[in-house]
Amino acid sequence: MSENIRVAIDGPSGAGKSTLARSVAARLNFLYVDTGAIYRTIGYAVWRKGIDPRDRSAVVAVLPDLEICLTYGTDGLQHMELNGMDVTAEIRLPEVSRYASLVSAYPEVRAYLLEMQRQLARENSVVMDGRDIGTVVLPDAEVKVFLTASAEERARRRMLELEERGTPEPYAAILRAIQERDWNDTHRDAAPLRQAEDAVLLDTTALDFFQSEDALLHIIRERTGL
């Protein structure tokens with residue numbers, strides 16, 4: 001085992017990866033890395049420039065102009081900076097989700113961000129979540145977890161989250177968006193979403209947050225002896 005411990009958490013959109021990974025990282029005093037936020041930053045850049053995310057050549061052409069930086073604020077949370085501007089809030093806009101899903105399918109985009117993610121894991125003990133962490137980014141991670149829940153439950157959770165934010169959306173529309181995202185993520189040519197052969201499956205459909213957190217911590221501790 002290397003000096004630093006790497007926890008790779010993969011799974012579909014809305015499974016609670018980011019919330020659980022952030023909480024568990026804090027409990028273990030590990031660095032939390034939300035790779036989805038990194039891809040959202042590129043999606044946001046493409047959206048802001050008015051580029052069609054389905055235009056692969058146009059998306060790839062803009063990459064050299066992007067300076068993406070992952071920082072940690074006084075709040076202890078991960079912040080994303082795009083060309084010197086904090087876009088942590090902007091990348092969570094609903095319209096950016098579709099852009100992020102489409103641009104993340106391009107091999108050039110994934111290659112552009114791969115070394116950034118691996119460097120963070122070389123320098124720190126990390127809990128890193130995304131779509132291809134255990135299969136591509138950190139294939140030799142000490143702990144791999146595939147975190148999932150039914151599409152219906154993920155849509156229900158998302159609906160409640162949006163209601164709490166004061167930006168409600170119909171359940172049916174949220175479910176359709178999640179199902180579309182699932183299809184895109186599992187059918188893309190570059191690093192499709194799939195469970196690594198040596199990953200532990202954690203289905204949280206019937207679990208609340210605290211039960212899910214306990215289950216995830218148990219897996220990590222069992223695999224690492226922490």
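**Strands, helices and cores**

Analyst: Happy to! Ile68 stands opposite Leu82 in S4. Keep in mind that this is a predicted model.

User: Okay, and how many bridges join S3 to S4?

Analyst: There are 5 bridges between S3 and strand S4 (residues 78–82), and the two run antiparallel. They belong to an open sheet of 3 strands in the order S3-S4-S5, where the pairing is antiparallel.

User: Which strands stand at the edges there?

Analyst: Strand S3 (68–72) and strand S5 (85–86) do. Each has a single partner strand, so one side of each has no neighbour in the sheet.

User: What lies across S3, S4 and S5?

Analyst: That's H2, which runs at about 30° to S4.

User: What does H2 pack with, and at what angle?

Analyst: H2 packs with helix H4 (residues 94–103) at about 110°, and their axes are 8 Å apart. Angles of 65 to 115 degrees count as roughly perpendicular, so H2 is roughly perpendicular to H4. On the H2 side, the contact includes Tyr39, Ile42, Val46 and Trp47. On the H4 side, Val96, Tyr99 and Val103 are among the residues taking part.

User: How many nonpolar, polar and charged residues are in that contact of H2 with H4?

Analyst: By class, it has 9 nonpolar, 2 polar and 2 charged residues.

User: New topic: which residues have the most contacts inside the largest nonpolar core?

Analyst: They are Ile42, Val46, Leu66, Ile68, Met80, Met128 and Leu138, in a core of 35 residues. Helix H2 (residues 35–48) gives the most to this core, with 7 residues. As background, nonpolar side chains in soluble globular proteins tend to be buried together.

User: Let's zoom in on Met80. What is Met80 in contact with, leaving aside its neighbours within four places in sequence?

Analyst: Quite a list! Among the contacts of Met80 are Ala37, Ile38, Thr41, Ile68, Leu70, Met85, Val87 and Ile91.

User: Can you take me through the pairs?

Analyst: Strand S7 (residues 143–148) pairs with S8 in the parallel sense over 4 bridges, and Leu147 has Leu202 as its bridge partner in S8. Strand S1 (residues 6–10) pairs with S6, also parallel, over 5 bridges. There, Arg6 stands opposite Val126. On to S6 and strand S2 (residues 31–34): they run parallel and are joined by 4 bridges. Here Leu31 has Val126 as its bridge partner.

User: Is S6 buried or exposed?

Analyst: Buried: 5 of the 5 residues of strand S6 (residues 126–130) are, so S6 is largely enclosed by the rest of the structure.

User: And which residues point one way from S6, and which the other way?

Analyst: Val126, Met128 and Gly130 point one way, while Val127 and Asp129 point the other way, and all are buried. In general, side chains in a regular strand alternate between the two faces of the sheet.

Notes. Residues numbered from 1 in each chain as written. Predicted model: local features only at pLDDT ≥ 70, side-chain atom pairs only at ≥ 80, totals over all residues. Heavy atoms only, no water. Buried < 20%, exposed > 50% of the residue type's maximum accessible area, 1.4 Å probe, protein only. Pairing = 2+ DSSP bridges. Core = buried A, V, L, I, M, F, W, Y, C linked by side-chain atoms within 4.5 Å. Contact = heavy atoms within 4.5 Å. Axes fitted to C-alpha atoms, helices over the stretch in contact; angles between N-to-C directions. Parallel < 35°, antiparallel > 145°, perpendicular 65-115°, else oblique. Nonpolar A, V, L, I, M, F, W, Y, C, P; charged D, E, K, R; others polar.
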